[in-house]
Amino acid sequence: MRFPLVLTLQALWASVCQTMQHYPAWGHYDVCKSQVYTDEGLTWDYMACQPEAMDMTKYLKVTVDPPNITCGDPPETYCALENPYMCNNECDAENEDLAHPPELMFDFEGRNPTTFWQSSSWKKYPKALLVNITLSWSKTIELTDDIVVTFESGRPEQMVLEKSLDYGKTWQPYQFYATDCLDAFTMDAKTVQDLTQHTLLDIICTEEYSRGYVWKYDKTVRFEIKDRFALFAGPRLHNMASLYGQLDTTKNLRDFFTITDLRVRLLRPATGATMVDENNLSRYFYAISDIKVQGRCKCNLHANSCVFDKETLNCECEHNTTGPDCGRCKRNYQGRTWSAGSYLPIPKGTANTCIPNSIGPVTRVCDNELLRCQNGGVCLNNLRCQCTAAFTGLLCEKPRCESELGGCGGPDSGQAALSSTPLSTLLLLLLGSTLLREASYRPTLL
Ligand SMILES: [Ca+2]
């Protein structure tokens, strides 16, 4: 009699596994296509998809500038900032145990003592001690969590975090950090909590991560991605649907979280006092033990995996797209203009697959059968939809006001429109994964 029971348990387990597999499938946009039976037989059902968020520090190239600023050549001994007579910090580039190369900002942390990169000391005071640390991915990536820089020494009194979206050709500031924002950058001091949905893209100067000097505990400098997400998704990111809706329709917002490179510009080290002790400049230097960057490859919602091959990241494009970011249609699949996938409608989104040339002329965008212009738009020569004033998009499918920050009808409209019941499970899943990630980070801060 045991045999049927085993079979039943097996069947139950199989169905549990299937369910488990299916939940993330629609909660995380991690499937690009699935086979479905229709009246016409077995066909593919396509959906928007994106690679999983991951630790992006494994895939970067780090450059420290000026190149000879790393300590240890020649060997040097450093004194503690809080005690000028405690000088037991030795750096020697030739000795593996005493060297502090840039790679030590990205190795596995959790050991004691920590491993860290260190600059040479402020020997040329009062000439500024300037160091640029550049992280390059040679690929567009989308940030999904806070950038966290952990200092082994005191946090700098002045620094700027910058980003590039064009592989380091041009740079824009992400955030300014100073003990005195007005004095250092002629900017009013603000915190991320001062931002609203409408000022989210503002670049601020914060004193949050420079002020105060408590050697052991105040070690991190953050760029708060999640607090910015929370302006749309709610304080515990419980309404990711609202955020996805905004990211879908607002290019500026999407670009804000997209980077190819990051640059930490260290402008003035911690001095711990109002006066710099000119007789003991070996107390002043920069040392960073860890930099965290969490994100995903930008694949325009056309790929669910991104592979690291020959030192570069590349999206594994689906939906008949190609290119490092799946940014164009494959050869012979240019039946309509390329467009990115869309997070909407939740949960599966819209794949916007590239279609074969044989379906129509190369630039066929609209017709009166399958590709109808929506919301009163008129198809002009199969080339484009002429939309009414209130709508935009390839097929006039998007209300024009959606492309403005804050969406249609005020700050909460996005959330209200999208917070219907079927989303609750998705949001729980997203919240769950967020909390897990939080849990894996927090212990280092406690
Ligand atoms: Ca380290």
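This is a predicted model: local features need pLDDT of at least 70, side-chain atom pairs count only at pLDDT 80 or more; totals for chains, interfaces and linings use all residues.
Student: Which residues have the most contacts inside the largest nonpolar core?

Tutor: In soluble globular proteins, nonpolar side chains tend to be buried together. A nonpolar core is a set of buried Ala, Val, Leu, Ile, Met, Phe, Trp, Tyr and Cys residues joined through side-chain atoms within 4.5 Å; buried means under 20% relative accessible area, with a 1.4 Å probe and protein chains only. Here the largest core has 67 residues, and those with the most contacts inside it are Trp117, Ile133, Leu135, Trp137, Leu266 and Ile288. Strand β8 (residues 131–143) supplies the largest share of this core, six residues. Apart from it lies another core, of seven residues, including Val160, Phe176, Cys181 and Cys205.

Student: With which residues is Ile133 in contact, leaving aside its neighbours within four places in sequence?

Tutor: Contact means heavy atoms within 4.5 Å. With those neighbours set aside, Ile133 is in contact with Val62, Thr63, Val64, Met105, Trp117, Leu262, Arg263, Val264, Leu266 and Ile288. For the chain, among contacts between residues at least 6 apart in sequence, 66% join residues at least 24 apart.

Student: How many helices and strands does the chain have?

Tutor: Helices (H or I, at least four residues) and strands (E, at least two) are DSSP runs, numbered from the N terminus. The chain has seven helices and 24 strands. Of its 446 residues, 44% are buried. Accessible areas come from the Shrake-Rupley method with a 1.4 Å probe, and for residues only the protein chains shown count as cover. The accessible surface of the chain comes to about 23600 Å², of which 54% belongs to carbon and sulfur atoms.

Student: How many disulfides does the count come to?

Tutor: A disulfide is a pair of cysteine sulfur atoms within 2.5 Å. By this rule the count comes to 10 disulfides. One of them joins Cys32 to Cys49, with an S to S distance of 2.0 Å. The pair links distant parts of the chain, 17 residues apart: Cys32 is in the loop between α1 (2–27) and β1 (33–38), and Cys49 is in the loop between β2 (41–46) and β3 (54–55).

Student: Is the disulfide of Cys32 and Cys49 right-handed or left-handed?

Tutor: The torsion about the S-S bond of Cys32 and Cys49 is about 95°, so this disulfide is right-handed. Cys32 is buried, at a relative accessible area of 3%, and Cys49 is buried at 0%.

Student: Which parts does the disulfide of Cys181 and Cys205 tie together?

Tutor: The sulfur atoms of Cys181 and Cys205 are 2.0 Å apart. Cys181 lies in helix α2 (residues 181–185) and Cys205 in strand β12 (residues 205–206), so the pair ties together parts 24 residues apart in sequence. The torsion about their S-S bond is about -85°, so the disulfide is left-handed. Cys181 is buried, with a relative accessible area of 0%, and Cys205 is buried at 0%.

Student: Are Cys329 and Cys354 buried or exposed?

Tutor: Cys329 is buried, with a relative accessible area of 7%, and Cys354 counts as buried at 2%. Cys329 and Cys354 form a disulfide with sulfur atoms 2.0 Å apart. The torsion about the S-S bond of Cys329 and Cys354 is about -75°, so the disulfide is left-handed.

Methods:
Residues are numbered from 1 along each chain as its sequence is written. Side-chain values use heavy atoms; hydrogens and water are left out. Buried means under 20% relative accessible area, exposed over 50%, partly exposed in between (1.4 Å probe, protein chains only).
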